[in-house]
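My entries follow in the order in which I looked things up.

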Amino acid sequence: MSRKVYVAGKLVPAEQATVSVFDHGLLYGDGIFEGIRVYGGRVFLLKEHIDRLYESALAIRLQIPISHSEMTQAVEDTVKANEIADGYVRLVVTRGSGSLGLDIRRTSNPQVIVIADTISLYPPELYQTGMRLVTAATIRNHPGALSPRIKSLNYLNNIMAKIEGTDAGTVEALMLNHNGEVAECTGDNIFIVKRGVLKTPQPDAGILEGITRNAVMKLAVEAGITVQECVMTRHDIFTADECFLTGTAAEVIAVTSLDGRQIGTGKPGPVTNNLLERFRKLTRGE
Ligand code: PXG
């Protein structure tokens, strides 16, 4: 079966799924995206992802040419056409093609692209051992320059930090904000547990408000755990009882050291394991 990609309003064989070299998504990173999981043939938290996509569009003044319900249908159709049971959906909306230059008024035809694929996950053994983390020298985009709350096609900020992590031999890197406070990782949100309280940076720290983050916060409340969004520094992570990351690809994964300092016992902690189990149940629709 050849892979089918949704582009220009229809499903076409992957080889024929193309956009113009004059598309401002390519020329300027002018566009937005979502990364969504499929579990057991069901698209996970699709409404939340589509809502965030339209909010990103609003923020960059991009008029998505189809409605929420047509977008939902396009995702469902693409998953079905590719017979994806467990996998990944990449939803992209570009500014469309136009003349060279930044003026959005000289672009037309924003492109909606839906790709259904497999996803590259962290090595399974990391879920047993937890991961090491380093702090990147590259800080997260200043919210007054390009808000990290927009899931834009311009991911160079994150890529620069990811390179630093890779060079240091880690699979993720911690990013601080312009005030030197903890923001998030290159593609994951961060949490700590301190004396039984779950803490995570607030959205205006300059982070992407992760869908997995929000789901995990809700699961924690249901489990009777106190949840706080607060200012957090590296010191809070060094001295935490537990630390973990959340993300569409990562799900929930323990962090056991930061910049060579062991966190807690140096092993995934009980709250992390509890929330991972609850999250996996949620993905199975239980
Ligand atoms: N922060 C950043 C900067 C991200 O890019 C998250 C946090 C976690 O958000 P969610 O909504 O996933 O819980 C992300 C998510 C990809 C890919 O293909 C990237 C993400 C998610 C899925 C796929 O690079 N980033």
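**Ligand contacts**

I found a polar side-chain atom of Thr 212 at 2.6 Å from an oxygen atom of the ligand; a polar contact is a pair of N or O atoms within 3.5 Å. For Thr 248, I noted a polar side-chain atom 2.4 Å from an oxygen atom of the ligand. The ligand alone exposes 540 Å², of which the protein buries 87% (Shrake-Rupley method, 1.4 Å probe).

I recorded that the model is predicted, with local features needing pLDDT of at least 70, side-chain atom pairs counting only at pLDDT 80 or more, and totals for chains, interfaces and linings using all residues. Residues are numbered from 1 along each chain as its sequence is written, and side-chain values use heavy atoms, without hydrogens and water.

**The shell**

I counted 18 residues around the ligand, each with a heavy atom within 4 Å of it. Among the closest are Arg 90, Tyr 155 and Glu 184. By class, the shell has four nonpolar, eight polar and six charged residues, with Gly counted as polar and Tyr as nonpolar.

Terms used. Polar contact = N/O pair within 3.5 Å; in protein donor to acceptor, adjacent residues only side chain to side chain.
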